[in-house]
Structures are given as C-alpha cells and as structure tokens.
Amino acid sequence: ENGFNNWTTISGTPGTSMTQSYSGAQSFVADEDMDAIQCLLPTSYNKVAVVWFYDDASDTSLEAVAVVDDYNTGVFIGVDTSHSATNYVGRIGITYFTSSVARSTGWHKFVFDYRSGNDVKLYVDDIYLASSTEVTSFYRILVGDLWNSGTTGMVYFDNVTVQDSLP
C-alpha cells in the first residue's frame with residue numbers, strides 16, 4: 001500500500017494494481033516477461049514468511065514465483081507451466097518438484113516455515129509440499145517472473161509478511 005520503499009527491482013517495471021488485492025486497495029502486479037522485485041532483510045530469520053499470490057489458472061503459459069531463501073539456494077513456490085500447467089511447483093536448490101496442489105483461479109497462500117532452524121517447510125493453502133535441510137534461514141523475499149522465456153501472464157502478489165508462527 002505504500003509503494004516499493006523496501007523493495008528493489010530485479011527486472012521489469014514494478015507496478016501496482018487495484019484489479020486484484022488480497023488486503024488493502026492494491027497489489028504488486030507481475031505483467032511482463034522478467035518482472036520481479038525483492039526485499040533483502042537486515043538479518044537472517046528463523047521465522048515464517050507468507051506471500052499471497054493471485055493465480056489465473058486458465059493461463060497455461062506462465063512463470064511466476066515467490067522466493068524466500070538465503071539468496072543463494074533457490075527456494076520457491078509458484079507457477080512454472082514448463083514443469084506443470086495444472087499444479088503448483090516448487091524448487092529447493094536445483095531440484096524442482098510438482099506439488100499435489102492443483103492450480104485454481106484466486107488467491108493462494110504460499111508459506112515458507114524456517115522456525116526450526118534446521119530446515120524449511122513449504123506449504124500452499126495450508127497443504128504441506130516439501131521440506132529440506134539445504135537451507136535453514138532466510139533474508140531474501142522475491143516475487144515475480146524471473147525468466148526471459150516468453151511465458152508471462154497477469155499475476156498479483158500481496159500481503160507479504162514475516163511472522164513468528166504459522167498463519
């Protein structure tokens with residue numbers, strides 16, 4: 001709601017939209033191929049990061065993710081139709097996986113749980129996807145389309161929070 005003061009542009013031209021918002025009047029819209037922003041936190045956290053994502057499940061040519069990691073690992077949840085057009089996908093390190101959660105149009109809650117200090121647990125809409133000990137804390141949150149692949153759509157991210165417990 002207050003612009004992108006704590007966010008830096010990775011690629012594209014960051015924009016807000018009032019077409020879809022989970023909370024408040026507007027959200028970040030990723031509407032270009034390679035359109036992403038990130039927030040680097042002042043320290044590493046063993047907390048829970050929550051990102052709300054608006055998906056148009058009828059778009060079968062899309063790459064848009066939420067990344068929450070230590071900057072080098074590549075922990076994300078999102079849509080990558082080159083891996084699955086019907087289900088949400090994730091990645092930990094270099095390993096992609098297709099979740100059991102089917103894509104549907106509307107708002108979805110992506111949760112990255114680093115509270116243990118020993119691993120990360122990933123959830124979509126409160127459904128457990130995977131865990132890994134490859135990364136145990138985070139200081140980066142990145143949202144958008146990171147790839148210059150020609151696959152793009154109109155997706156929205158909103159209400160990004162860092163908290164002490166699961167929502």
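Two strands count as paired if DSSP finds at least two bridges between them, and strands are DSSP runs of E with at least two residues, numbered from the N terminus. The structure is a predicted model, in which local features need pLDDT of at least 70 and side-chain atom pairs count only at pLDDT 80 or more, while totals for chains, interfaces and linings use all residues. Residues are numbered from 1 along each chain as its sequence is written, and side-chain values use heavy atoms, with hydrogens and water left out.

**Exercise 1. Find the order of the strands in the open sheet, and name its edge strands.**

Step 1. The open sheet is formed by seven strands, which follow one another in the order β2-β3-β14-β5-β10-β11-β12 with antiparallel pairing.

Step 2. At the edges stand β2 (15-17) and β12 (127-132), each of which pairs on one side only.

Step 3. As an example of a pair, take β3 (residues 27-30) and β14 (residues 155-163), which are joined in the antiparallel sense over three bridges; here Ala30 stands opposite Val155 in β14.

**Exercise 2. Describe how β10 is paired, and decide whether its residues are buried or exposed.**

Step 1. On one pairing, β5 and β10 run antiparallel over eight bridges, and the bridge partner of Val50 in β10 is Val111.

Step 2. β10 is also joined by four bridges to the antiparallel strand β11 (residues 120-124), where Phe112 has Leu122 as its bridge partner.

Step 3. The hairpin of β10 and β11 has six residues between the strands, and in it Gly117 takes a positive phi near 80°.

Step 4. For burial, apply the cut-offs: buried means under 20% relative accessible area, exposed means over 50%, and partly exposed lies in between, with a 1.4 Å probe and protein chains only. Eight of the eight residues of β10 are buried, so this strand is largely enclosed by the rest of the structure.

**Exercise 3. Identify the residues with the most contacts inside the largest nonpolar core.**

Step 1. A nonpolar core is a set of buried Ala, Val, Leu, Ile, Met, Phe, Trp, Tyr and Cys residues joined through side-chain atoms within 4.5 Å.

Step 2. The largest such core has 33 residues, and those with the most contacts inside it are Phe53, Phe110, Phe112, Tyr114, Leu122, Leu129 and Phe157.

Step 3. Apart from this core lies another, of nine residues, among them Val29, Val50, Trp52 and Tyr54.

**Exercise 4. Examine the salt bridges, and explain what the pair Asp55 and Arg103 ties together.**

Step 1. Side chains of opposite charge can pair when their charged atoms come close. A salt bridge is a side-chain nitrogen of Lys or Arg within 4 Å of a carboxyl oxygen of Asp or Glu, and by this rule there are six salt bridges.

Step 2. Asp55 forms a salt bridge with Arg103, with the closest N and O atoms 2.7 Å apart. Asp55 lies in strand β5 (residues 48-55) and Arg103 in the loop between β9 (95-102) and β10 (106-113), so the pair ties together parts that are 48 residues apart in sequence. Both Asp55 and Arg103 are buried.

Step 3. Asp113 and Arg115 also meet in a salt bridge, at 2.9 Å from N to O; Asp113 is buried at 5% relative accessibility, whereas Arg115 is partly exposed at 36%.
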